[in-house]
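Hello,

Here is the structure for you to look over. My notes on what turned up follow below it.

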Amino acid sequence: MKKLKKILAKVLEVGEDEITKETSPNNVENWDSFNALMLVSELENEFNVKFTMDEVRQIKNVGDIMKILNKHGIKIA
Amino acid sequence: MNKKNAQKIKTVSDYFEEYRSVKKKLEFEDISKLKKVKIAILSSSTIQGIEKILSVECYNLGIIPEIFIGGYKQYYQEVLDKTSSLYEFKPDLIIISIDTHTLLGDAYFSYFQLAEEEKKRLFKNGINEVTSLVDNIKKNLNSKVIFHNFEVPIYSPLGIIDNKQELGFIEFVKKINSELEKRFKLDNQIFIFDYETFCSKWGKNNITDYKMYYLGDIKINLKYLPKLCGEYISYIKPLMSMTKKCIVLDLDNTLWGGIIGEDGLAGIRLGPNPEGKPFVEFQKYILSLFNRGIILAINSKNNLEDALDVIKNHPYMILREENFASIKINWNDKVSNIKEIAKELSIGLDSLVFFDDDKLNREMVKLALPEVEVVDLPEDPSLYLKVLMELNDFNSFYFSEEDKKKGVMYVDQRRRSELSEVGTDITEYLKALDMSVVIERATPFNIPRISQLTQKTNQFNMTTRRYLEENIKQFSDNNNYFVFSVKVEDKFGDNGLTGIAIIEKKERKWIIDSFLLSCRVIGRRIEETILAYILEEAEKEKVDVLIGEFIPTKKNDPAKDFYRKNGFELIGEKKDMQLWKFPVEKSYKYPEFIKIVKK
């Protein structure tokens, strides 16, 4: 979770401790369509995984990201 | 805003974070004295994010950038419309990247359905589109233009027989690239950036992340944006006159493996075997940099005799004594040696690149002399060559014959000063140099160099007026002006074209608009030779007075007293300029020991 939060914080310009599963484009100003892709790119590089296009399209909040990472075998507590 | 931070920035989000933190810091800093650059980026696909990354790269060099990102797919309109925000922005540098798919449109997929005639038309249209974009910019702006060439596709519907066609798909794109290079080969405003090679370098299989392309029209995988910005920096450095001139080299474990003082001539690693070859090839590449005009110097803690023995006598040593303009082999600390080298060569610390395998030495230099570029050599010597080849510090937009000889010239200079240490009388020394000065009017061949000298010369420069090639050409075509250059040769070699003067000819009065001499020949009475020549020509044309203008700057102290010492009289000052007068009838002689050749 720490690695994930760190990346979210850097890309979205939010404090690490403000991040929860419910954090989403609705409550983070900088979570726009470009930063959403940036986020994916940074996560892929950090965790060495590849998201599919559908997975990217289904991301609605941080909880979704955790689910996808879990699916790719990355355990996020 | 410092080099230490630069090493910690790795991922794109690191760049974003750094960008925000520098931005915040800059709000409270006085940036008026820092270099500034305006960059416009026009692209056919999404390049969001590049602005922040490129900004951070500029900050790391101490440059404050202002970046204009063209509207999404708006590049054509922005260039064609003279009232567009692009022209209002007045960039110093314009980067244009059009991807292959956009250039070819639907033909990207349907290429093989086209008749040969249509393929030819497609080719012509592609080239015309690029040329017309560039021509419009050239007509309206002086900005340098970086134009991406086109990524050559790695697939063709015809597969292995693509290159059996009259003009296969892959060959088609390659041909466009080669035509573009040809077209702008001699253009000193337009530079074709080899994006195709950039893609190969990082791997065409990785350069496009297809889901990003479909989701956001992003054609370059975001993780390569920092690499791309690194390529742009290769252009920004010369644009901001941040080109390095000299490589300062350590010896032990840098030019050869091992320590000469301990391992001895036969024990060091240098030669055609696996452990010696990395050093041989590292030296070979340095030698080729020397031959393109980079000055070399040695900074080594060693016994002078031991080290010189290798340089002179080791059978596999590539760099020899005659390649080094300054040799500091002693037990002094590296920092003071570097300062000495800069002083000896009369170049700024910011023109130096320092190579040393020892981390401690590197850190000391970084700390004490932040202007010096310190290369972090890897532990493994097999990577030295790669690190050296990747440096982007020696680029320039223009490359003259003089530039090529610079490495040699500075070595000659070292020998000259060794001669002057022996003789004490300066006139005797100058006589012994056996100098000749070749005076030549401006010609199409020397105009680029004349312009370059006005741009670069700071010390012996009376007015420090900077002129472009076009300006010099206008002067030389105008009968009211007289432009000439001087070349200096002596027994140690050719110093190249090192001085120029521009005279404005008025009725019975000539005004010296520009008069300068490169610092490496200052104080050898070439100054007086130039003046004597001007007066000789003035007399021929029955001129009464010669007026010398002098504009003081922070750097032109060496020129300050020249007119006074040479019989001129101060007749007035306007604004920051002094006016000095010399009656032409008054006699003035050429220094007798300099041979004059007029062309």
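B:E88 is exposed, with a relative accessible area of 64%. The cut-off for exposed is over 50%, so B:E88 qualifies. Keep in mind that this is a predicted model. B:E88 belongs to helix α5 of chain B, which covers residues 85–89. I also looked at B:E88 against B:G496. They are 408 residues apart along the chain, and 41 Å separates their C-alpha atoms.

Next, the surface patch. A:M53, B:Y210 and B:Y214 form a nonpolar patch there. Together they have about 350 Å² of accessible area. A:M53 sits in helix α3 of chain A, residues 53–58. Its relative accessible area is 32%, which makes A:M53 partly exposed. Patch residues need over 30%, so A:M53 passes that cut-off.

Last, the sheet in chain B. It is open and has 5 strands. Their order is β8-β7-β6-β9-β10, and the pairing is parallel. The edge strands are β8 (326–330) and β10 (373–376) of chain B, and each pairs on one side only. From one strand to the next, the twist averages 20 degrees.

One pairing to look at is β7 with β8 in chain B. Strand β7 spans residues 295–301. It runs parallel to β8(B), and 5 bridges join the two. For a landmark, find B:N299: the residue opposite, in β8(B), is B:K328. As background, strands of a sheet pair through backbone hydrogen bonds, either parallel or antiparallel.

Best wishes

Technical notes:
Residues numbered from 1 in each chain as written. Chains lettered and ligands numbered in written order. Predicted model: local features only at pLDDT ≥ 70, side-chain atom pairs only at ≥ 80, totals over all residues. Heavy atoms only, no water. Pairing = 2+ DSSP bridges. Helix = DSSP H or I, 4+ residues; strand = E, 2+ residues; numbered from the N terminus. Axes fitted to C-alpha atoms, helices over the stretch in contact; angles between N-to-C directions. Patch = residues over 30% accessible without salt bridge, like charges linked within 9 Å, V, L, I, M, F, W, Y side chains within 5 Å. Areas by Shrake-Rupley, 256 points an atom, 1.4 Å probe, with all protein chains shown as cover. Salt bridge = Lys/Arg side-chain N within 4 Å of Asp/Glu carboxyl O. Buried < 20%, exposed > 50% of the residue type's maximum accessible area, 1.4 Å probe, protein only.
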